[in-house]
Amino acid sequence: MRVQQPGDVAPLDLRLWGKRKGLSGPYPLVFHLLDTGAAVEVLWRDYLSSSIRRTIAAGLDVSAADAGRLLAFWAALHDLGKLVPGFQVLAPDAFAALDGYSAAGGRSDVPHQRMTQLWLGRMLGDLGYPTSRVRKDSGFQVAELLGGHHGCFTSANPADYATVHDLPHLGAGVWEAQRRAVLHTVNEVFDPPPAPASVPPHVAAISTAVVILADWLVSQETFLRPRVETHLRAARSSTASVEQLRAHRQATFTDVPDLLSAAGLGRASLRPGTFAEEFPAIDEPNELQLSVAAKLPGILSGPGLLLVMAPMGVGKTETALHAARLMGEAAGTSGLFVTLPTMATADQMYRRVLTYSKRRLVKDTAMTLLHSMAWLNAEYTDPGGGLVVTGDGERSGEAAVTASAWLRGRKRGLLAAMAVGTVDQALLAVLPIKHSVLRMLGLAGKVLVVDEVHAYDAYMQMLLARLLTWLGALDVPVVLLSATLPGSVAHRLVRAYLTGAGHRSTEPPPVTYPGWIHVDAATGTSTVQPVALPSRPLTVETMTVQVDRKLGADRSAALRTLLAPLVADGGCAMVLCTTVVEAQATYRLLKTWFDELTAAGTATGRPAPALGILHARFPAQQREEITKVVTAAFGRDALSRPHAVLVATQVAEQSLDLDLDLIISDLAPIAQLLQRSGRCQRHAIFDDHRPAWAAAGPRLVVLTPPTAGGELELPDRWTAVYDRSLLERTYLLLSRRAPGTISIPEDVQEIVEEVYDQTFSEDLSEAELARRMNDEVRYSIAEQTAIPTPKNAIPLAKLTSSDLVEDKVSTRLGIESVRVICCFVDPNGDQWFDPARCQPLPTQGSRPDGTFTTADVRAILVHGIPVAEGEWYRRRQEGTTTLPTRWADHTALRDIVLLPHPIDDSGHVQPAEIGGRTFLLDPELGLTW
């Protein structure tokens with residue numbers, strides 16, 4: 001079929017294909033281009049938030065309606081680079097039907113997206129796009145953003161564009177005529193508004209992401225197959241009219257909403273309401289919650305950043321969710337992403353946001369859990385719910401928040417309207433990896449909540465600052481939460497957001513602790529609001545314990561003294577150890593003591609305390625079960641107060657809502673100690689049930705090493721986890737204050753600043769100098785690793801690197817970890833997941849061809865344990881068991897390290913010997929060595 005074009009434009013040839021894989025025949029390229037443009041039109045109408053539409057329109061200096069039309073037109077040009085010999089010959093049957101087309105000069109090694117970029121950079125001038133300046137004019141910028149539609153941008157200089165028609169692999173003659181025909185046909189079908197003068201980098205990045213998303217949606221085989229069949233039945237010749245092409249575009253426009261629905265793509269809408277209506281379980285909102293609820297709405301006029309700095313246990317999460325809804329409404333966003341430092345804390349937060357979302361969402365909306373092990377979370381797999389809205393708008397039931405299979409696919413999770421995950425998932429947006437712009441799009445339509453901001457080191461803080469600069473440019477509302485954030489870090493983060501929003505010279509005022517600050521993205525105006533929270537005295541004591549530099553601390557005598565009242569009169573306590581090895585040793589010595597008490601108590605009738613342990617080195621499923629038991633026993637909803645001691649590591653100090661009568665902790669930096677103290681007598685509802693020895697209020701006892709010659713004798717294990725200078729500064733602070741009282745919140749910021757003070761002086765210790773240097777190195781590495789700020793992201797190639805993918809970059813610096821699985825090998829050589837030999841280790845999946853289903857892989861990975869790499873890992877060939885062949889074929893299993901535990905003839909389990917290290921999976925203690 002031929003379409004007669006005006007002037008010297010050649011007739012259009014529909015035999016040139018754009019999609020072929022998995023289809024019964026070739027799908028015409030122009031159809032795919034029209035599909036993609038129509039998909040953008042639907043995304044603009046039904047998916048993109050009004051904030052994104054407004055930001056793109058403002059950047060292009062056009063109306064929102066015209067911005068959508070321009071973006072749809074650009075998307076319909078994204079695959080023009082497929083009109084070259086090297087691509088068309090990839091489908092030999094289709095190419096054989098193309099009479100008059102030569103394969104001469106064709107190169108399959110030059111990506112079609114690169115050809116799109118170079119050719120359009122030269123040709124968009126024919127449609128009125130300015131093309132005088134390669135870096136600044138929209139003709140080149142649009143070509144560049146379309147050249148990145150496979151997730152990676154490439155740079156081009158003036159000579160590349162000027163000489164594009166000299167490239168033999170571009171194809172001349174009829175090839176060039178067809179490219180021009182498609183360009184002008186698409187222009188006629190979409191009838192776009194006049195070209196903008198320029199496309200700012202942040203707008204180009206988001207626009208590219210929208211094109212990628214549209215391309216993905218209409219490239220699904222389920223969408224294409226019926227269209228190919230229809231085309232093959234109707235294709236008596238290769239002719240079509242412009243009216244028929246417009247009809248094709250309209251048909252796709254009609255069908256795409258079903259694609260969005262099946263993919264789980266949509267907008268989240270939360271019901272308005274007061275704080276009390278949003279959180280009915282909170283009988284009396286506290287001063288912080290009341291302050292934000294009363295005063296934040298009056299200062300909101302659009303996007304902005306809210307930083308809340310308040311002590312532990314004052315309901316910052318509920319404050320953030322309420323503030324996020326208010327800020328989202330003001331900014332025109334239609335989603336929420338809550339981020340946490342770790343997978344464990346993200347899982348805990350997912351439950352809370354899940355409950356909130358089911359109750360407050362206006363309609364069923366997909367919510368994703370985003371971290372590498374999310375698929376092991378049973379609640380995420382089937383969160384339940386299902387909202388019924390009657391004809392008169394009445395709402396019954398809970399909203400369904402199930403994430404679709406499409407959203408669970410790689411790189412797509414952040415496109416869901418609601419999400420909870422680790423902060424890494426957001427930080428990846430500012431690393432130069434493939435498809436990073438999709439993450440930016442996922443963030444752009446939401447309110448971002450970053451919890452536990454104080455938990456991040458200098459490297460992550462720098463990445464977070466760079467992310468905030470981008471989010472400021474993209475008009476994204478942000479809520480930052482912290483209990484113990486140094487003022488200098490708070491200032492740096494707020495200023496980064498203002499810089500992105502265009503207020504580079506604006507210096508935000510300091511936050512009064514406790515309190516909050518809001519900065520307006522449009523005006524740069526800052527509002528600081530102090531909050532008068534009730535004073536909560538925390539009794540702080542220190543107790544010296546003997547230490548061995550290599551083996552750690554001897555806590556036995558100290559714990560017997562400190563826990564004696566608990567043993568005699570009831571109550572509960574948590575003992576926090578620096579490392580897993582020390583937590584396991586502490587558990588052993590307490591178990592020995594409690595067993596002695598049990599034996600003695602048989603005659604007296606007095607039971608010994610229950611004993612538990614929580615750390616990261618349990619198999620994933622067991623750790624999850626332990627966490628649920630701990631939360632049920634010590635959480636707000638506990639039915640009774642336990643007589644128990646919990647031994648734990650840092651995993652218990654963040655986002656776990658626990659209430660203990662006493663906290664005993666190894667020496668740690670003051671921020672961590674304050675976090676831990678927040679788990680002490682957290683809920684007043686239990687105050688009438690505490691033992692007499694705990695009646696004086698919250699109490700934190702810090703176990704400190706001795707000094708020798710004025711030097712603190714810190715174990716190597718402690719300084720491997722925490723910076724030596726922070727431990728020394730915290731020790732000096734405690735030496736002056738303990739025994740004594742720290743008033744929370746009044747004293748918190750003062751003592752945090754004292755320990756984390758960055759003021760330079762001539763008498764800095766060697767450890768302090770090392771910390772300063774280490775922080776500078778981390779800042780420098782992050783600066784070199786991260787993408788540029790939006791103003792400096794020219795060309796767009798600075799945003800991605802062709803050889804970087806998510807698996808090859810890190811949002812954290814430090815020792816890498818590997819996932820191990822313990823297996824048990826019987827005398828016959830058979831391998832099992834358990835020493836009782838009830839669960840065989842699968843050598844292949846359940847599919848007929850032996851490959852693994854998602855359920856198969858999940859059933860394996862629930863046995864996984866994270867272990868830090870080290871010399872043992874480098875020497876792991878010494879004693880390790882070779883992975884089953886089928887495991888090596890699966891991306892989620894191929895890097896597992898098996899730890900084979902021999903079972904002798906008498907049924908006794910022997911340790912695994914790997915790389916010079918002895919491992920033993922203990923049912924009570926977890927993985928030991």
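In which loop is H435 found? I looked it up: H435 is in the loop between α18 (424–427) and α19 (436–444).

**Ground rules**

I am working on a predicted model, where local features need pLDDT of at least 70, side-chain atom pairs count only at pLDDT 80 or more, and totals for chains, interfaces and linings use all residues. Residues are numbered from 1 along each chain as its sequence is written, and side-chain values use heavy atoms, with hydrogens and water left out.

**Whole protein**

I began with the overall picture. The protein has 32 helices and 30 strands. Both are DSSP runs numbered from the N terminus: helices are H or I with at least four residues, strands are E with at least two.

I checked the radius of gyration next. For 929 residues, a compact globule would have a value near 30 Å, and the protein has 31 Å, which agrees. The radius is taken over C-alpha atoms, and the globule rule is 2.2 Å times the number of residues to the power 0.38. I also noted the box filled by the C-alpha atoms: roughly 100 × 70 × 65 Å along the principal axes.

Buried residues make up 57% of the 929. Buried means under 20% relative accessible area, exposed means over 50%, and partly exposed lies in between, with a 1.4 Å probe and protein chains only.

I then looked at contacts, meaning heavy atoms within 4.5 Å. Of the contacts with a separation of 6 or more, 76% are between residues 24 or more positions apart.

**Helix α7**

How many residues of helix α7 (residues 138–147) are buried? I found 10 of the 10, so the helix is largely enclosed by the rest of the structure. The list includes F140, E144 and L146. The buried residues of α7 pack against α3 (64–75), α6 (112–123), α8 (158–162) and α10 (201–218).

**Strands**

I went to β5 (residues 367–370). M367 and L369 point one way, T368 and L370 point the other way, and all are buried. Strand β5 runs parallel to β8 (residues 418–422), and four bridges join them. Two strands pair if DSSP finds at least two bridges between them. M367 has M418 as its bridge partner in β8.

I also followed an open sheet of three strands. Its order is β28-β29-β30, with antiparallel pairing. Which are the edge strands? They are β28 (912–914) and β30 (926–928), each pairing on one side only. Neighbouring strands of this sheet are turned by 30° against each other on average, direction ignored. Here the axes are lines fitted to C-alpha atoms, for helices over the stretch in contact, and angles run from 0 to 180 degrees between N-to-C directions. Three bridges join β28 to β29 (residues 917–922). In β29, R917 stands opposite I914.

**Aromatic rings**

A pair of aromatic rings is described by the distance of the centres and the angle of the planes. Rings of Phe, Tyr and Trp (its six-membered ring) pair if their centres lie within 6.5 Å; planes under 30 degrees apart count as stacked, over 60 as edge-to-face and the rest as tilted.

I searched the whole structure and noted 12 aromatic pairs. F95 and W175 have ring centres 6.5 Å apart and planes at 5°, so this pair is stacked. F95 lies in helix α5 (residues 92–96) and W175 in helix α9 (residues 174–190), so the pair ties together parts that are 80 residues apart in sequence. The ring centres of W872 and Y873 are 5.7 Å apart with planes at 75°, so that pair is edge-to-face. Both W872 and Y873 are buried.

A charge sits over a ring if NZ of Lys or CZ of Arg is within 6 Å of the ring centre and within 35 degrees of the ring normal. R617 lies over the face of W929, 3.6 Å from the ring centre. The charged end of R408 sits over the ring of Y380, 4.3 Å from its centre.

**Backbone exceptions**

Most residues other than glycine have a negative phi, and most peptide bonds are trans. H435 has a positive phi, near 65°. Is H435 buried or exposed? H435 is buried, with a relative accessible area of 9%. D191 also has a positive phi, of about 45°. D191 counts as exposed, at 51% relative accessibility.

The peptide bond from Y513 to P514 is cis, with omega near -10°. The bond from I744 to P745 is cis too, with omega near 15°.
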